[in-house]
Amino acid sequence: MIKGVARKYFEGKNCLFCDKSGLYRLADKRVKCKHCNKRYSLTKLKRDMLVLYYFYLEISARKASKELNFNYKTIQSRFMRFRKLIADYCNQEAKKLNGEIEIDESYFGGKRKGNRGRGANNKTIVFGILERNGSVYTKIVENVSAETLMEEIKNKTQKGSVFYTDGWRSYADLKQFGKHNIIKHNEDQFADGHNHINGIEGFWSYAKERFHKYHGINHANYPLYLKEMEFRSNHRNESIFNLLVDICVRRRV
């Protein structure tokens, strides 16, 4: 079931750390690599790989616990630990975005009565910056004031970039950082050549579609779930499972 890159490790064909063959068993049932001298349990490694594989497939913790016959709370705890490690990884690899940049905010949360969009009550406000042909950065913010959003833009983008936003007033001073192109949604303008924010809006749809299957996310955990979506989007053209093995297993053993 698990991809070959993982099987060669938990079957003891190659060392998890140096990827060389030459493991031998110890009296305590662990293995030791004759090249890098690392010691670890193949039984524990196989269990960790299985749980990670279900996480990689975006299978819910409840379904994974049933299929693997593991305790649900144990699986949920592992999944949340993976998300924390992913969030740390995202923060470590973050860099200032530049070039053509799309900026927008979105509101996450279940269906509730009241206003929609900006001004919606009891929603989690997420601010996003997307570098075209590059990475996306997300941050939960308290409000959508100019002070809040411009501070994030200043910290996460390079001056002189070309910015694309809708007509929200908090973006009015963006011209001090670079060229500012406005898409006038209130005038039914949504895309005109390069003048659009389809990329960041596509990311919002991508994240929300995946959040639906969780049937509600604890408000305190939203930052971790968002960073997971950010990670999956930014590395969509790579082998995400291999990267997860490195982040969540190899560095933790």
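Strands here are DSSP runs (E, at least two residues), as are helices (H or I, at least four), numbered from the N terminus.

β5 is paired in the antiparallel sense with strand β4 (residues 100–108) over eight bridges, pairing being assigned if DSSP finds at least two bridges between two strands. Here E105 stands opposite F127. With strand β6 (residues 136–141), β5 forms six bridges, again antiparallel; V136 is the bridge partner of L130, and Y137 stands opposite I129. Four residues lie between the strands of this β5–β6 hairpin, where N133 takes a positive phi near 65°.

These strands belong to an open, mixed sheet of five, ordered β6-β5-β4-β7-β8. Its edge strands, β6 and β8 (179–183), each pair on one side only. Neighbouring strands are turned by 25° against each other on average, direction ignored.

Helix α7 (residues 222–234) packs on the sheet and touches β4, β5 and β6, contact meaning heavy atoms within 4.5 Å. The direction of α7 makes about 170° with that of β6; axes are lines fitted to C-alpha atoms, for helices over the stretch in contact, and angles run from 0 to 180 degrees between N-to-C directions. Helix α6 (residues 198–211) lies across β4, β5 and β6, at about 35° to β4.

Residues are numbered from 1 along each chain as its sequence is written, and side-chain values use heavy atoms, leaving out hydrogens and water. In this predicted model, local features need pLDDT of at least 70 and side-chain atom pairs count only at pLDDT 80 or more, while totals for chains, interfaces and linings use all residues.
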